[in-house]
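Me: Hello! I am new to this structure and would like to explore it with you.

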Amino acid sequence: MRTFLATTALFTTFAAAAQADMARYELDPEHTAIYFTVDHIGFAKTLGIFIDLDGSFMYDIDTQELGDVAVTIGAGAVETFNEARDRHVRSRDFLNVSEHPQITFVASGGTRTSDVSGTVTGDLTILGVTRPVTLDVTLNKVADYPFGHQREVLGLSMTATIQRSDFGMTYAVENGLVGDDVSINIETEAMKME
C-alpha cells in the first residue's frame, strides 16, 4: 500500500533528450509522508502512514526527463494510530511483515502532461507480488532550500489507487469489512545530490 512510493519519485516528467544532464535526487525522509486510506465497513476510511522509507531518482529539470526511480518502504513501520490495529495490519492478514518486510516501487520514466504535472508508471511490489501502478504527479515547487546547505529541492505531490487483492491481500474483502481499494498519497521534498 504505500509506495509508494515513492517514493517515489515522481513527477512531471519527461520528454527524452539524448544528451540529458540528469542529476540524482533523494527523498528527504524528514519531509516525506506516504499515507493511505482504506474503507472500514462502509462507515469511514481508516488512515495509515509509513514512517520508514528510502528513495531516489534521476531527473533533468530542463528536459523533465526522469529515470531510475527506486523507493523502498519498511512495511513493519506502519502507523494507524491504534496499537491493536497496527499489529493486525502487520500480521499475515495484511502486510505479513515477518515474511515480506519491504514494499518497493521502481520505474524507469514517466509521461509529462503539463509543465507541473505528469504520470509515473512503475512496478509496485507488496507481499512478494509485483503489479504495474501509475502515480499522478504534481511538481509543487523547484527552488534552493532556504536552510542548511541550500541545495535544490523539488516539492512533489503524488496519488494513486490500488486494489489490495491484486497483491494477494484478500482478508475481509469478500464480506466488505475492509475495502479493497486503497488510496495512496505521497508528499515529498526531494533533494538534489552533488
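Predicted model: local features only at pLDDT ≥ 70, side-chain atom pairs only at ≥ 80, totals over all residues.

Me: Is Arg-92 buried or exposed?

Reply: Residues are numbered from 1 along each chain as its sequence is written, and side-chain values use heavy atoms, leaving out hydrogens and water. Buried means under 20% relative accessible area, exposed over 50%, and partly exposed in between, with a 1.4 Å probe and protein chains only. Arg-92 has a relative accessible area of 62%, so the word for Arg-92 is exposed.

Me: Which residue forms a salt bridge with Arg-92?

Reply: A salt bridge is a side-chain nitrogen of Lys or Arg within 4 Å of a carboxyl oxygen of Asp or Glu. For Arg-92, the closest N and O atoms are 2.5 Å apart, and the partner is Glu-99.

Me: How does Glu-99 count, by its relative accessibility?

Reply: The value for Glu-99 is 47%. Glu-99 therefore counts as partly exposed.

Me: What is the distance between the closest N and O atoms of Asp-115 and Arg-112?

Reply: Asp-115 is exposed at 52% relative accessibility, whereas Arg-112 is partly exposed at 38%. These two form a salt bridge, and their closest N and O atoms are apart by 2.2 Å.

Me: How many salt bridges does a search of the whole structure find?

Reply: Another pair is Glu-26 with Arg-24, at 3.3 Å between the closest N and O atoms. For the whole structure, the search gives a total of 3.
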